[in-house]
Structures are given as C-alpha cells and as structure tokens.
Amino acid sequence: MATLKDIAQLASVSIATVSRVLNRDQSLSVTEETRHRILTVAEELGYTKHLKTGESHKLKQKIAIIQWVSEQGELEDLYYYQIRLGIEKRAQELDYDILRYFNDQPFTLSEEVIGILCIGKFSRAQIASFEEYQKPLVFLDSDTLALGHTCVITDFSNAVKQVLDYFINQGMDRVGILTGLEVTTDQEEQIHDKRLEVFISYTQELGIYHEELIFQGEFTAQSGYDLMKHAIQNLGKQLPSAFFAASDSLAIGALRALQEASISIPERVSIISFNDTILTKQVFPPLSSITVYTEEMGRTGMDILNREVLHGRKIPSLTMLGTKLTLRESTLH
C-alpha cells in the first residue's frame, strides 16, 4: 500500500508537504504545479485516504473543453457527450475546474485556463486559432499528429476488419456499408470517414468489394433511414445479407427502414453498428456494435494534458485505443 513517503519521493517534495496538500491545508503556500504533481502521483499509486477529506474552497486551475458539435448536437450524439463525461470525471479527480465551449457559442479563453482539450474534428484554421492561446493542446477523436499536436483516437482499422471477418465467418460475402460525410464547423474542410477507407481496401483485398453496396449520407438516424430505403428499392433481391453502419444513429435509421419494408432482422439482413452508445440496447432488435471506449478516451486525454501541464512535455504523441465487437440480436450468431 502506498504511503506518504512514497508519494513524497516521486513528487520530489517533503512528506509534510504531501500531507498538507492531500489534506487540503488552506494555509499552505505551494505552487499549483506542485499541488497537481502530488495529486497525480497519489492517484497513480492508488492512495485514496485524502479523498475522504472535505472539499477545498481554494481557487482551482481551469481546463477548457472545446466541442466541435453544438450543445444540442451533443445531446443528439451521445458519442461526444460520453467523451466529455470521461474528461470531466478525470478532471474532478485531479482537482481541476472545467470550462465548456460548444461550436455555437463564441468564446475567448480566460488567462486562468492552463490547458485545452478539443473533442472532434477541426480545420487547420481552427487549430491555428487554438494555438494562439499558447496553452497545452490535446485533441480527441481526431488524428492531429501530423499537425504537431498530441491526440487520442480509436483504432478504426482493426474494428472494421473485425466486422468484415465476422460477417464472412457467418457465410456473408456481400456486405454493404452505411456511412457519412462530415464538414468542419467553419465549413473549410471535408472529413472523409476512415472506416469507409478501411472497408474499401479490406473488401478489395478479400475480393468481395462491390461499389454499389456503398451508401453515403450524413451521420444521422434520418440519413440511415433514407440510405437503407434507397438500398432496398434499388437492389431488390440483391440486397446484401449484412450491413456495417458507421454510427449507431445510422444503424437505428436503417432498422426502421428495414422494418417498414417487412425485412426480417437478422434472418434476412444482419446489422453491426459503430460506437455502442446506450441507444444500441434501447432499439429492437438490440444492435450488435463495435464498442468504442469513449469515456476512457476522455480520461486518457485528460491524463495526457495533465502530464503536459505538469512537466511541459513538448513532443506530440498519438494514443490509439482498441475496440471490441459486442454481439446482440441484430446479427446472426
């Protein structure tokens, strides 16, 4: 079990300082950098006794979260909400305050913000505007390594391959995909779906690529409905027996179109979605889905930002989180 001495050694401070910081001694004069270093070391060692003490009224350092979606958009797409939730839970454990900014809210960061977490996709112009604040930056759900910024992303490649391998093992070699196109909020850059890129390359590699089985719209339930309805009308008896939907919303809309057409799921058409938000278990049949660890993505991003704030690390890095295929009643198995 970790002791105050262990924490003091790793944090390069005295045992007395550790004790007073963990007990939230208001009279202690210590820098915020030192205080956060002690809290971080204590957490990493699993030391929890200090969590039983009362809340401190000391002014906390602030972390900014910038969402690429609007506040309403976040409510409609729980994927981004869950990433933010992971950040905020971890920030609370590390004793930071959080300032939230959505894309429909004009903002200017206050001087007291010491680091920024950006959730979603941003154009080069937007990233340049964030750089002007000269604060540590970490991006989540966007590969910004080539632009010189640390990021946390999901392993799309193995996730899509796992879906296709599963369908093939079930004897389904005609697989369709429902996906979407996105544009950064400043309308400057179009974002191509990495899942579609992997889907095309892997189906070509396996010799099962069919261009007519690719359906692209928006990442919404309405788009999923429209795309699947189009597929049913145009493909008729050639409708594939399996579909991969690049988001839960797309899959939910596709389910409705299939059910309206009296097409049985999964007996005639199996569906696997992506993200595995709580919505996948609230529809009928419950959706098989690629589970993305969204809260862990947020926690990981917060941990990385905390280290950059404490240690001033300047080397950008990319952290990729794995996924899991979770099977439910929308697929044959």
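# Chat about a predicted model

Modeller: One thing to begin with: helix α1 (residues 4-11) packs against helix α2 (residues 15-22) at an angle of about 105°, and their axes are 8 Å apart. This is a predicted model.

Biologist: How are α1 and α2 oriented to each other, then?

Modeller: Roughly perpendicular, because angles of 65 to 115 degrees are put in that class. That is the class for α1 and α2.

Biologist: Which residues in α1 and α2 meet?

Modeller: From α1, the residues are L4, K5, I7 and A8. On the α2 side they meet I15, V18, S19 and L22. The residues of this contact divide into six nonpolar, one polar and one charged.

Biologist: Stepping back, how many helices and strands does the protein chain have?

Modeller: The protein chain has 11 helices and 14 strands. Its C-alpha atoms fill a box of roughly 75 × 45 × 35 Å along the principal axes.

Biologist: And what share of the 333 residues is buried?

Modeller: Buried residues make up 53% of them. As for contacts between residues at least 6 apart in sequence, 71% join residues at least 24 apart.

Biologist: New topic, cysteines. How many disulfides are there?

Modeller: The count comes to zero.

Biologist: Is C118 buried or exposed?

Modeller: C118 is buried, with 0% relative accessibility. C151 is buried too, at 0% relative accessibility.

Biologist: On to the rings. How many aromatic pairs does the structure hold?

Modeller: Eight aromatic pairs. One of them is Y79 with Y80, at 5.0 Å centre to centre and 85° between the planes, an edge-to-face pair. Both Y79 and Y80 are buried.

Biologist: What about F122 and F130?

Modeller: Their ring centres are 5.3 Å apart and the planes are at 80°, so F122 and F130 are edge-to-face. F122 and F130 are both buried.

Biologist: Back to the tyrosines. Which residues form a cluster with Y79 and Y80?

Modeller: W68 does; W68, Y79 and Y80 form one aromatic cluster.

Biologist: Now Q126. Where is it found?

Modeller: Q126 is in helix α6, which covers residues 124-131.

Biologist: Buried or exposed?

Modeller: Q126 counts as buried because its relative accessibility is 14%, and the cut-off for buried is under 20%.

Biologist: What is Q126 in contact with, leaving aside neighbours within four places in sequence?

Modeller: Q126 is in contact with K121, T184, T185 and D186.

Notes: Residues are numbered from 1 along each chain as its sequence is written. This is a predicted model: local features need pLDDT of at least 70, side-chain atom pairs count only at pLDDT 80 or more; totals for chains, interfaces and linings use all residues. Side-chain values use heavy atoms; hydrogens and water are left out. A disulfide is a pair of cysteine sulfur atoms within 2.5 Å. Buried means under 20% relative accessible area, exposed over 50%, partly exposed in between (1.4 Å probe, protein chains only). Axes are lines fitted to C-alpha atoms, for helices over the stretch in contact, and angles run from 0 to 180 degrees between N-to-C directions. Helices (H or I, at least four residues) and strands (E, at least two) are DSSP runs, numbered from the N terminus. Angles under 35 degrees count as roughly parallel, over 145 as roughly antiparallel, 65 to 115 as roughly perpendicular and the rest as oblique. Contact means heavy atoms within 4.5 Å. Ala, Val, Leu, Ile, Met, Phe, Trp, Tyr, Cys and Pro count as nonpolar, Asp, Glu, Lys and Arg as charged, and the others, Gly among them, as polar. Rings of Phe, Tyr and Trp (its six-membered ring) pair if their centres lie within 6.5 Å; planes under 30 degrees apart count as stacked, over 60 as edge-to-face and the rest as tilted.
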